[in-house]
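Dear colleague,

Please find below the structure that I am handing over to you.

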Amino acid sequence: MNAEFYALKGLLLAKIGRTDEAAKAFSAAVQLHDGLTKAWAMWGDFMEHLFLRDKQISLGVSALTCYLHACRHPSESKTRKYLAKVLWFLSYDNASNTLMSTLEKYVVGVPPSYWLPWIPQLLCCLVQYESNVILNLLSHVGRLYPQAVYFPIRTLYLTLKIEQREKHKTAEQASGRPHNHPNLENNMNQVFTNTSAATGSNSVNPIKATPPMWRCSKVMHVQREIHPTILSSLEGIVDQMVWFRESWTEEVLRQLRQGLIKCYAIAFETRSTVNEATITPHTLHFVKKLGSTFGIGIENIPGSVASSASNSAASESLARRAQVTFQDPAFQMMKEQFTRDFDFSKPDAMKLHNLITKLKSWIKALENK
């Protein structure tokens with residue numbers, strides 16, 4: 001009770017501008033009761049005000065220390081405000097990483113479960129700051145809650161890898177060197193690639209990993225050593241997510257609606273001569289592409305299955321799914337009918353109103369299935 005009175009006294013003194021006496025009152029409050037998180041929070045707000053006014057890093061260290069002590073509250077929901085301020089304070093860190101060192105020193109008092117809602121923000125800090133403090137914090141949280149950390153950091157790693165690959169391609173194109181454009185299967189590998197394969201170094205033309213990629217890989221490596229069985233199961237779940245896709249009829253219906261919207265846009269642009277309007281090359285290519293893939297996203301089904309053996313399990317699973325669909329008699333019959341209906345070698349097949357009529361009839365037929 002006395003500690004709380006001292007904290008309220010410090011708050012009152014801070015309001016009337018007697019900063020030195022307020023600091024002494026807050027200090028007395030936490031000395032009387034070190035576990036009084038309310039006093040730590042008040043002191044942190046007071047030091048934050050001084051820091052924003054004077055921009056002295058020592059005041060920022062004091063404010064950060066107070067907020068980290070306030071995060072020891074038994075109720076997680078009451079600490080979110082202070083954890084948010086902790087992460088925000090890191091943006092004011094200097095070249096000596098003074099605030100980051102303070103975080104490393106006092107973060108041990110914060111329960112790991114309190115960081116779970118802030119994992120996306122911690123991942124942003126992992127990319128932004130070169131210090132290993134955030135890396136160690138994520139590794140510590142991941143030891144107790146592997147699933148909560150592994151999926152987000154896996155996604156971040158693959159995103160950084162794709163960005164680095166695109167930069168590498170841009171640099172190659174700028175230097176005039178030839179570059180092979182990735183096909184559909186390579187695009188799938190970029191998204192669904194197995195993390196254990198992604199962290200390997202057996203690439204034909206390896207791309208140098210950036211420091212953020214290395215830190216992400218380090219966290220995943222630590223988790224893989226501690227929870228090998230759990231992470232193997234999680235990777236299996238990710239591979240099977242390929243099957244949670246639209247059926248081929250739903251995919252065809254969606255693309256037909258997209259094609260109809262394109263045709264309506266052309267009709268509006270040529271509304272003065274809509275009866276004589278023809279489809280654009282872009283729309284023609286769209287419809288022909290739809291006829292070749294027809295809802296499964298792959299044109300050469302046998303070749304895709306054969307080539308997927310050396311790629312990730314997710315790519316192989318997607319190719320197997322396409323193979324099963326390709327062998328469906330109903331799929332074969334509808335694809336042949338679609339090819340006959342959208343044969344652009346017939347007279348007036350390039351007329352816009354004819355294409356709109358065919359698209360509407362196919363949409364109606366698929367909606368009734």
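The buried residues of α4 pack against α3 (37-54), α5 and α6 (98-106). Here a contact means heavy atoms within 4.5 Å, and buried means under 20% relative accessible area, exposed over 50% and partly exposed in between (1.4 Å probe, protein chains only). Helices are DSSP runs (H or I, at least four residues), numbered from the N terminus.

Before going further, please note that this is a predicted model, in which local features need pLDDT of at least 70 and side-chain atom pairs count only at pLDDT 80 or more, while totals for chains, interfaces and linings use all residues. Residues are numbered from 1 along each chain as its sequence is written, and side-chain values use heavy atoms, with hydrogens and water left out.

Helix α4

Helix α4 is mostly covered, with eleven of its 14 residues buried. Among them are Leu59, Gly60, Val61, Cys66 and Tyr67.

The surroundings of Lys85

Lys85 belongs to helix α5 (residues 80-89) and is buried, with a relative accessible area of 18%. Leaving aside neighbours within four places in sequence, Lys85 is in contact with Asp45, Glu48 and Tyr67. Its side chain makes a polar contact of 3.3 Å with that of Asp45 and another of 2.9 Å with that of Glu48. A polar contact is a pair of N or O atoms within 3.5 Å; within protein, one must be able to donate a hydrogen and the other to accept it, and residues adjacent in sequence count only if both atoms are side-chain atoms.

Lys85 also forms a salt bridge with Glu48, the closest N and O atoms being 2.9 Å apart. Because Lys85 lies in helix α5 and Glu48 in helix α3, this pair ties together parts that are 37 residues apart in sequence. A salt bridge is a side-chain nitrogen of Lys or Arg within 4 Å of a carboxyl oxygen of Asp or Glu. Asp45, Glu48 and Lys85 are linked in a network of salt bridges. Asp45 and Cys66 are 21 residues apart in sequence, and their C-alpha atoms are 8.6 Å apart in space.

Other salt bridges

A search of the whole structure finds twelve salt bridges. One of them joins the side chains of Glu4 and Lys38 at 3.3 Å, N to O. Glu4 lies in helix α1 and Lys38 in helix α3, so the pair ties together parts that are 34 residues apart in sequence. Glu4 is partly exposed at 29% relative accessibility, and Lys38 is partly exposed at 41%.

A further salt bridge links Glu166 with Lys169, with 3.4 Å between the closest N and O atoms. Both residues lie in helix α9 (residues 146-175), three residues apart, or about one turn of the helix. Glu166 is partly exposed at 36%, while Lys169 is buried at 11%.

Yours sincerely

Definitions and conventions
Helices (H or I, at least four residues) and strands (E, at least two) are DSSP runs, numbered from the N terminus.
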